[in-house]
Amino acid sequence: MLTGISLAFGATAQTNCYALLLKSDTLVNTFKWNEAALILEKAYQVCIEEHGYESDESAWVHHNLANYHYSKLNTSLSDSLWNISEELYGRHCGTNSVEYGLVLLAKAERLQAIGRYMDAFNWLKRAEAIFREQLGTTHTTYGSACNALGSVYGFFGFYEKAAEYLSYSVQLEASLNGKQTPRYASRVNNLALISLQKGDYELTSELIGQSLQLIDQTKDSLSREFLVINFNKGVLLVNTGQYEAVIKHCDYYLSLFDRNGLRKHPLYYYFLNTKLTAWVQTGQFDQVEKYAKIILEELESQPELAGILGVLIREKLINSYLLTNQFEKGIPIAYEALSILETTAGKNSFNYFIITSTLSHLLYYANRNEEAIAAGLTNMQNIKGVLGENTLPMLLQETVLAKAYARAGQFDEAVKFSQSSVDHGIRVYGQNHSQYISLLGSLVRMLDLSGNTAAADAHFAKLTELVQSNMTRLYGFFSEKEQLNYLAYSQANLEFMENYAARNVNRNPELAALLFNNNAVLKGAQLDDSKNRRAWLLQNADSSSAVLQKEWTNIGQALAKQYSQVVEKRTIQDVHVLDSLETAFQQIQQRLSDGSADFRRAFANKKTGWSEVRNRLGKNEALVDFIKFNTYHSDTDIWSDSIMYAALIARRDWETPKLVMLFEEKELERRLALANEPLGSAEDVISGIYSPQLYRLIWQPLEKYFKGAKTVWLCPEGLLHKVAFHSTPLPGGDYAGFRYDLRNIGSPRDLLQDSPLYASELKDALVYGGIQYDIDDKQLSCLSEQTASQNSSGIAQARRSGACNEKLSFLAKTRQESDHVATILHTNRIPVVAKQGCEASEDHFKAACNKLQSLSLIHLPTHGKFCRPPISNDGVTKGSDIVANPLMYSSLALAGYNRKVAGLPMPQHLEDGELTAYEVSHFLLLETKLVVLSACVSGLGETQSTEGVFGLQRAFRLAGARHVLVSLWQVDDAATTLLMQYFYHNWLNKKMDARQALRAAQQKMQQSKEYDHPYYWAGFVFI
């Protein structure tokens, strides 16, 4: 584009022609495509008539037409026009002219788009030299060359050089034309891409946000700049683990291409490639294989697109086979991709090097080790000769070579290549990038295999430090969902560290302390971050932030309603409402995250680890932090399907914690599976699970470390969240919970903030009971109006069970329970809001939680449910068009619930009677000291990595509740009522702290004749 270039002209015809061309320049540069097309058509006619085909004016017209058609996504025509323009400028202006340089710049951009990065780089260096000589370094056209060069340097992995060129182009554009231009937006977006490749997601998000805000002003959703920025946004979503969002994002833009007849444009397939990437990273390998083959068939009929795009799609197919151990299927596809690259981009292209390193990886895992080494060494030499050492392809290839040499028993070579990849990795990525952390883990393994244990341990210490700092840094920036996604993404690194410590702790006990530090920082970190961030914002932010938080809560509740609908019952309006709510929700989450910068600074320097926890432990206390991990065989580089459980045990007088191996997960699964066997009564089921075998599995390996301990803190993991430890039978007839004071906490970090909960802290209470699940049409007004409680019909059931999608029966004993709780609270002068019958509704409950900001105690005796819906292959809940949210699986039944089961309509202004954990998670209960869920399975839910149980207990704690009292199985109605009476008597009248009040109540139940069996008293856990 020739903006700012002054050319002399004389004749009238020249004036007319030049005027048209200058005007077309302005229109193309300001993205006014339709107007530009009309001017260019007229300019072409005038120029040909007045100057002929063989003229620099003709070259100018052809160049602007090429730019126009390329920007309008007509790439084959633009290529032809650029070739014509290059030839004409070369003949009429010379190959050192600015005009010729502009054509080189445009061609390089096209070559870059099809993956011919080296060719593009060579053209760009020549164009940059021309512009530097002819225009100087402060001209906007020179800035364009810097922008393009920076992008190509980024593809090579020279991120510092890329940032240098791109930053200069951004600053130059701002100084010359201001920050409100599409060109400025596009250049900021390119700078964002470099930040993305380096793993600086916070800066990337900020820069992409700036770019989109600026480009949106053009109102042209089909401009190349707009689409490229949104493509990069999709890549950011993939890299930060927002897989739901990226699939929706890609689908939206793919449909935009389809609607406008642009399906054959390269960007269409780049969006498809991003979607395939999300599927690979979420394990949707069947989908990847199916659609990759369909896409490749489409590309066969479009040779101009089949080059780099065909390679990228094949790369996803190869990765899918690599991750599913189908190495022999991936190898021929890798060779096929290399063949395509050889003819389209050349053997010295960036992608050729990347695919070759992937091929050597496949050969390695296919036990074709010699071939892997041979291919890798050749590739490494080629990379070094073309790109140099500090590049992404080099460190990827060195990583594979290290593995292959280790398998061959040549550990010195393995260490050499692994160390080199780490050295290059820190220059390419920096030490905070997840890929660098993986490289460091690989070096630890190589050093360990070579026998250099001292160096391995030193790098392991650095590895744990980086994992902790990286996770906590990103947690402060990410939204709640992004945090969980990133945790899942980092799981392999975490499990590698657990395996390493387990193998080597006998040699070096300090490794247990490093692992303990890791867990103390990371376990339950997302829950704590979310809860503390909300509290911080409300207590420290201005009034506008508080309003924003309230808006976030309201939208979250509205989303919960939308998520509960099935596809068949959704209207088009419902779909539009859901999309708009999700968009608004994400925007508010980001604004709240941005507003929590002060929170991040305040909590960044809080130290939590082995020393802090050990010093907090009492003399007669022990702490057990359970961990679980897939077994990794370091010598063969193979992950098994065996999941091991272990325990980190801490005592005040120990120098380091003890790491004790326990059992395989399948052993505990077999015990817990007895709950589904026809063993007879409920008592028989619990006896079958909590037998001497369970003691030998979990408790016996630990007990020798509890000598002299009276209190044991327990941090469960995985299936252990389903175990009522206090009911574990000990030799001699005692129970673990009565020999020791067992205290469940989420992580070792919780010990530092734990304090007794006394009834004196209560300011008010909300108590439900005798809930009426059957509501006819005449009683609907009772659900929302504060009328007198009505009698409830039904027969008391033996269990407070909540079978999925089945009608629930009235629980007569819960009326007695709530009456007792309300009475004892009144006696202790604690204000109570009590609801029974049809008044105990979801509407009343939500209104109470919103109005009573200081709500200290919530008591809910009802049916609880944990129902996991069937999931389809693409991770979507069957019967719904949303990706499953585990907080939707757990719920409490409130008044009118049976109408939903029966399919009876509820007026739009009323809730449906099912209070899901997802809805609860959007309450604001920052003053709530305790939530008593006197219901079945209220402590169960999905377990995810180090974050524990995703169910009602987590939801109430996310909302701000300090403690929850929950059940682990279907509890008996009458026995639960009695247990609660004992609990409240101990807590309020005997002035015990809440945890001790529950323990004393359970002990009293166990000493009775009628309810001595653990089934009646052991199901409840204080968290």
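In this predicted model, the buried residues of helix 25 are Leu511, Ala512, Ala513, Leu515, Phe516, Asn518, Asn519, Ala520, Val521 and Leu522. That makes ten of its 13 residues, so helix 25 is largely enclosed by the rest of the structure. The chain as a whole has 1023 residues, of which 59% count as buried, and it contains 43 helices and 16 strands. Among contacts with a separation of 6 or more, 72% join residues 24 or more positions apart.

**Helix 25 and its end**

- Helix 25 covers residues 510–522, and its end C-alpha atoms are 19 Å apart, which agrees with the 18 Å that 13 residues should span at 1.5 Å a residue.
- Just after helix 25, glycine 524 has a positive phi of about 70°.

**Nonpolar core**

- The largest nonpolar core holds 320 residues, and Phe845, Phe956, Phe983 and Trp987 have the most contacts inside it.
- Helix 13 (residues 266–281) gives the most to this core, contributing ten residues.
- Leaving aside residues up to four places away in sequence, phenylalanine 956 touches Phe845, Ile858, Leu860, Leu892, Val920, Leu925, Val931, Leu933, Ala961 and Val964.

- An open sheet is formed by five strands in the order 3-2-1-4-5, with mixed pairing.
- Strand 3 (658–664) and strand 5 (741–744) are the edge strands, each pairing on one side only.
- On average, neighbouring strands of this sheet are turned by 30° against each other, direction ignored.
- Strand 1 (residues 621–633) pairs with strand 4 (residues 711–715) in the parallel sense over five bridges, and aspartate 625 stands opposite cysteine 715 of strand 4.
- Strand 4 also pairs in the parallel sense with strand 5, over four bridges; here tryptophan 713 stands opposite arginine 743 in strand 5.
- From strand 5, Asp741 and Arg743 point one way and Leu742 and Asn744 the other way; all are buried.

**Helices on the sheet**

- Helix 31 (residues 665–672) packs on the sheet and touches strand 1, strand 2 (638–651) and strand 3, its direction making about 55° with that of strand 3.
- Helix 33 (residues 692–703) lies across strand 1, strand 2, strand 3, strand 4 and strand 5, and runs at about 160° to strand 3.
- Helix 33 spans only 14 Å between its end C-alpha atoms, whereas a straight helix of twelve residues would span 16 Å at 1.5 Å a residue.
- The buried residues of helix 33 are Leu694, Tyr695, Leu697, Ile698, Trp699, Leu702 and Glu703.

**Cysteine 715**

- Cysteine 715 lies in strand 4 and counts as buried because its relative accessibility is 0%, under the 20% cut-off.
- Its contacts, not counting residues up to four places away in sequence, are Lys523, Leu623, Val624, Asp625, Phe626, Ile745, Gly746, Ser747 and Pro748.
- Cysteine 715 and arginine 749 are 34 residues apart in sequence, and their C-alpha atoms are 9.9 Å apart in space.

**Helix 36**

- Helix 36 (residues 812–827) has 16 residues and reaches 24 Å from its first C-alpha to its last, close to the 22 Å expected at 1.5 Å a residue.
- Its buried residues are Thr814, Glu817, Ser818, Val821, Ala822, Ile824 and Leu825.
- Seen down the axis of helix 36, these buried residues fall within an arc of 165°, so they line one face of the helix.
- An α-helix has 3.6 residues a turn, so residues three or four places apart point the same way.
- The cover over the buried residues of helix 36 includes strand 6 (765–771), strand 7 (832–837), strand 8 (857–862), strand 12 (930–935) and helix 41 (973–989).

- Most residues other than glycine have a negative phi.
- Aspartate 637 has a positive phi of about 60° although it is not a glycine; aspartate 637 lies in the loop between strand 1 and strand 2.
- At 8% relative accessibility, aspartate 637 counts as buried.
- Arginine 829, also not a glycine, has a positive phi near 60° and is found in the loop between helix 36 and strand 7.
- With 79% relative accessibility, arginine 829 counts as exposed.

Technical notes: Residues numbered from 1 in each chain as written. Predicted model: local features only at pLDDT ≥ 70, side-chain atom pairs only at ≥ 80, totals over all residues. Heavy atoms only, no water. Core = buried A, V, L, I, M, F, W, Y, C linked by side-chain atoms within 4.5 Å. Buried < 20%, exposed > 50% of the residue type's maximum accessible area, 1.4 Å probe, protein only. Helix = DSSP H or I, 4+ residues; strand = E, 2+ residues; numbered from the N terminus. Contact = heavy atoms within 4.5 Å. Expected span 1.5 Å × (residues − 1). Arc of directions from axis to C-beta. Pairing = 2+ DSSP bridges. Axes fitted to C-alpha atoms, helices over the stretch in contact; angles between N-to-C directions.
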